[in-house]
Amino acid sequence: MRIASVLACAITVFLIVSDIAAEERFKLLQRNDEPARAKPVSTDVVDLERRLSAVYQKVAPAIVRVTADDGQIYDGCTGLIVSAEGHILTSAMSPLMAKRNLRIHLPGGREVAATGLGWSHQWNVAAAKFDEPGPWPHVTLVAPVKVVAGQPIATFAYPLPESGFLHVPQLDLEWIDRIAEGTWFMRPVGSKYEWKIGGLAFDLDANLLGIESVSYRYNGSSFTHVEKINSMWDVLSAGKYLDRMLMTGGIKNDIPIPQSEKAVTSIPQAIEDKVVATTVRIRRPTDQNRGVGGVVISEDGLVATVAHHFYMPGSQVVVAFPDGRDLVGEVEGVNPATDVGLVRISEPGHFAFVETGNSDLMHPGDPILAIGYGPVAGDARLPLVRRTQAVAPAGARWSMLFPTDPKERFTGGDCGGG
């Protein structure tokens, strides 16, 4: 499970947005109408306990803990058996999808070998399959399933490895507070990642609703919706790396060109001046010294930023420019599962902007400007410019994340910068 307070500030949003095709990006971030609300749940505690017990009895035998073949347990490795043949839905943020050889711990402690199949780091979803034949206890992936704001949910997860004496999944009764139908939903409590490894959400009829994708300590956890999982499942179960298919059209670029085989140039001062002018701060109208970064990416005032500002679509914000202008803006859309957001400047005008690029064309050693507000004062207008360079992904494998030289460190407040 991703710890967004660390990860999102280490990877600037522009580098993620630039790799997503425009059609897919706007589909994921489209503004949603006010979500439907849940019907009131019975306040009969005895009846509620009965329903939760029934959910546990039905789904717990299929909820497993996933580890690598060397026995090391990684964060985000609660899984769900979803077919009698032994297909497993699990998280994808740990390195174990690259290792391929997995150990699956069934409730009660039995271990069975499995093989990792396809994965999507973007949505934190992966597929695996037991090496032994079935039939296996399972919960079938069913969609569509109604998910609405205010709905009570039963969440399941295994505790962290240090509590290894617990060999059964743990149950919590929680509720949904935010949702983009068919894509993601959130629960309001995010601090549970401090003792849980991932999570699965079910309704009170034991239907799977989603898998936990990212947790924000003070603002809740986001789950990838079961309908989104179903739309990806054929690709994942076939062993494909979904992110690369979406972002590169299937083009392989695992092995970077060595620095000695290509020309390396510096970025001109005129380019630095342009990107500084298009870097903004986004904040609430009542906050003078806070906010996240953003980058203007269209002449009519579309701004790419992060989603963990937690302003919902339709919220009014201030877009503060380095030249002293404070313009009114509105949140166009957010996707907390992938931590990407869009803001639209409401005031008419022709704005300086930068075009989105293609990081697959970058190679280790290529020069990069990284710009953010992390190290500067809360009321500063000018962001900090760092001159850094691209580096190879870990293990020289293709990655949806864009790695830069770790010598140039990022801090809170850089989030949303380009």
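Predicted model: local features only at pLDDT ≥ 70, side-chain atom pairs only at ≥ 80, totals over all residues.

Modeller: Residues are numbered from 1 along each chain as its sequence is written, and side-chain values use heavy atoms, without hydrogens and water.

Biologist: How many aromatic pairs does a search of the whole structure find?
Modeller: The search finds 7. Rings of Phe, Tyr and Trp (its six-membered ring) pair if their centres lie within 6.5 Å; planes under 30 degrees apart are stacked, over 60 edge-to-face, the rest tilted.

Biologist: Why is the pair of Y56 and F156 tilted?
Modeller: Because the planes are at 35 degrees, with the ring centres 5.6 Å apart.

Biologist: And which parts does that pair tie together?
Modeller: Y56 is in helix α4 (residues 45-59) and F156 in strand β8 (residues 152-159), so the pair links parts 100 residues apart in sequence. Helices (H or I, at least four residues) and strands (E, at least two) are DSSP runs, numbered from the N terminus.

Biologist: Is F156 buried or exposed?
Modeller: F156 is buried, at 0% relative accessible area, while Y56 is partly exposed at 23%. Buried means under 20%, exposed over 50%, partly exposed in between (1.4 Å probe, protein chains only).

Biologist: Which residues form one aromatic cluster with Y56?
Modeller: F156 and F202.

Biologist: New topic: what sits over the ring of F321?
Modeller: The charged end of R325, 4.3 Å from the ring centre. The rule is NZ of Lys or CZ of Arg within 6 Å of the ring centre and within 35 degrees of the ring normal.
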